[in-house]
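Work through the exercises below with the sequence and the model side by side. Each task is followed by a solution in steps.

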Amino acid sequence: MTTSVTGLTKRYGSTLALDHVSLEITSGEVHALLGHNGAGKSTLIKCLGGGVAPTSGVMTVDGTEFASFDPRTSIANGVAVIYQNLSLIDGLNIAENLFLGQEVTHAAFVLDRVQHRELAQESLARVGLNVNPNTLVGELSIGQRQLVEVAKALQRNARLLILDEPSAALSKTEAERLSELVLGLKADGIAILYVTHLLNEVMKLADRVTVLRDGKNVWFSDMSAGVTKDDLVEAISGESAGAISRPHPIAADAMPALSLSDFGGPGIGPITLDVKPGEILALYGLVGAGRTRLLQTLFGRLPTRSGTVAVDGEIVSHSRPKKALSARIALVPGDRAKQGLFGSMSALDNTVIRTMGQLSRGGIRNIVAERTVFDRVSDRLSLRPKSEVLPAARFSGGNQQKILIGRWVNDRSDVKVLLLDDPTQGVDVGAREEIYRVVRELAAERGLAVIVATNEPDEVMSLAHRCLVMQKGKVVQEIDVATTTAEKLLALIHVDAVPVP
């Protein structure tokens with residue numbers, strides 16, 4: 001099977017999301033699609049999946065040309081898109097999800113549940129998932145759900161599988177299993193378009209790679225031509241790959257901006273730590289090590305069971321998010337879509353929602369002042385597109401993250417402690433560097449105490465002054481980042497570590 005797009009263009013009013021993009025994917029190939037958040041990757045795969053109709057251009061499947069797809073036509077032609085936000089229904093079991101809309105029935109139009117289970121079992125075995133087809137999808141882990149999505153695509157005879165940031169929310173073990181599955185499907189002759197921001201995956205899996213920037217093709221290569229990570233970074237960003245930037249120095253004698261004493265909550269603690277003004281502290285560990293729970297407890301989303309929290313030396317209450325915010329503690333959550341953004345609200349409203357009262361006049365919104373705040377923070381964060389009216393849900397993942405960070409660090413914000421949970425999850429290389437730069441600058445200029453929860457060694461090296469290694473809800477080691485390497489950090493955590501229940 002050969003699938004291609006030629007001259008594909010998509011306009012949203014004056015915004016050109018795709019500008020004459022061309023791409024070809026063949027059977028038995030893993031073709032990586034890379035680019036900044038906002039480069040056009042999501043629009044391209046939505047065109048192939050039938051979710052978006054292109055303005056112009058042609059899509060070709062095995063010699064048959066299409067001006068546009070709808071979802072049914074896309075599926076009928078062997079194209080299956082597995083989006084980052086999975087499309088499974090938690091309240092249905094696995095077999096029901098696999099056959100939803102394509103049910104097998106008896107002559108009397110009664111569902112053939114026996115055949116559903118048998119066929120589902122075969123599809124699950126093909127993706128290496130040993131789970132009863134009667135299991136509710138809501139009871140599965142993220143990694144298992146993703147395998148169900150792949151099984152559903154194979155059940156529908158997919159010949160082109162499009163994977164959108166497939167490992168963004170997976171543990172290291174789950175990501176390795178996914179890589180093995182991708183290579184197995186490739187060996188079976190499935191064509192795979194692999195959208196990712198993780199360059200290690202590209203180096204391991206891809207046969208060819210295409211890079212988009214500002215909706216245009218800017219780079220293409222066969223990986224057998226000796227492509228390096230630096231080549232990919234330069235192609236994505238348009239700039240030469242350089243050395244890792246380091247955070248600013250901090251005053252050794254400064255009093256702590258944040259202090260935790262014997263702090264504990266569900267599955268974590270007791271933990272004692274200090275973070276100085278301007279310091280960036282990394283909480284480093286595997287998924288389930290307790291780093292996210294620590295941030296959520298500190299922000300009042302989970303109950304505190306012991307210890308105290310002090311901001312600038314003053315004991316504060318943080319029993320609920322509202323009280324944490326009053327204590328000048330803010331959280332940018334890992335799941336920005338569900339826990340952070342108001343997707344249907346504009347970028348401006350999301351940015352200033354916390355400071356609307358300060359900006360208002362006599363209880364009436366001051367739109368001019370709000371726009372001034374939005375313009376300044378969007379310029380600083382390099383928001384793309386810089387549109388105050390565009391709904392937050394319409395921005396790419398990296399730009400959504402910028403909007404969330406902008407909510408807490410705009411001109412009128414009084415936040416003293418900024419908590420970042422996996423701040424670059426699902427964010428491409430270029431947007432990552434922009435986020436790192438802004439976090440470093442704001443920490444230095446405003447004296448913010450920043451805590452970053454991550455499982456990526458390179459993120460620790462790029463952002464942090466110090467690193468606390470977490471396992472089973474406890475801090476097991478402290479690392480001076482200036483005297484270590486990403487390789488040494490990686491060796492400190494293990495895939496067999498027991499996660500917090």
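**Exercise 1.** With which residue does Arg466 form a salt bridge, and how far apart are the closest N and O atoms?

Solution. The model is a predicted one.
Step 1: the partner of Arg466 is Glu478, with 3.2 Å between the closest N and O atoms.
Step 2: Arg466 belongs to strand β19 (residues 466-471) and Glu478 to strand β20 (residues 474-480), so the pair links parts of the chain 12 residues apart.
Step 3: check the burial of Arg466. Its relative accessibility is 18%, and because the cut-off for buried is under 20%, Arg466 counts as buried.

**Exercise 2.** Find the salt-bridge partner of Asp422 and state what the pair ties together.

Solution. 
Step 1: Asp422 pairs with Arg291, and their closest N and O atoms are 3.4 Å apart.

**Exercise 3.** Is each partner in the salt bridge between Asp349 and Arg365 buried or partly exposed?

Solution. 
Step 1: the closest N and O atoms of Asp349 and Arg365 are 2.8 Å apart.
Step 2: Asp349 lies in helix α12 (residues 347-352), and Arg365 in the loop between α13 (356-359) and α14 (367-381), 16 residues apart.
Step 3: Asp349 has a relative accessible area of 17% and is buried, whereas Arg365, at 38%, is partly exposed.

**Exercise 4.** How many salt bridges does the model contain, and which residues do shared partners join into one network?

Solution. 
Step 1: the count comes to 21 salt bridges.

**Exercise 5.** Which members of the largest nonpolar core touch the most other members?

Solution. 
Step 1: this core has 68 residues, and those touching the most other members are Leu258, Leu298, Ile329, Leu418, Leu419 and Val450.
Step 2: α16 supplies the largest share, 7 residues.
Step 3: take Val450. Leaving aside neighbours within four places in sequence, its contacts include Val275, Ile280, Leu418 and Val439.
Step 4: a second, separate core of 34 residues includes Val30, Leu98, Leu170 and Ile192.

**Exercise 6.** How many residues of α15 are buried?

Solution. 
Step 1: helix α15 covers residues 397-409, which is 13 residues.
Step 2: 13 of its 13 residues are buried.

Conventions. Residues are numbered from 1 along each chain as its sequence is written. This is a predicted model: local features need pLDDT of at least 70, side-chain atom pairs count only at pLDDT 80 or more; totals for chains, interfaces and linings use all residues. Side-chain values use heavy atoms; hydrogens and water are left out. Helices (H or I, at least four residues) and strands (E, at least two) are DSSP runs, numbered from the N terminus. The expected span of a helix is 1.5 Å times one less than its number of residues. Buried means under 20% relative accessible area, exposed over 50%, partly exposed in between (1.4 Å probe, protein chains only). A salt bridge is a side-chain nitrogen of Lys or Arg within 4 Å of a carboxyl oxygen of Asp or Glu. A nonpolar core is a set of buried Ala, Val, Leu, Ile, Met, Phe, Trp, Tyr and Cys residues joined through side-chain atoms within 4.5 Å. Contact means heavy atoms within 4.5 Å.
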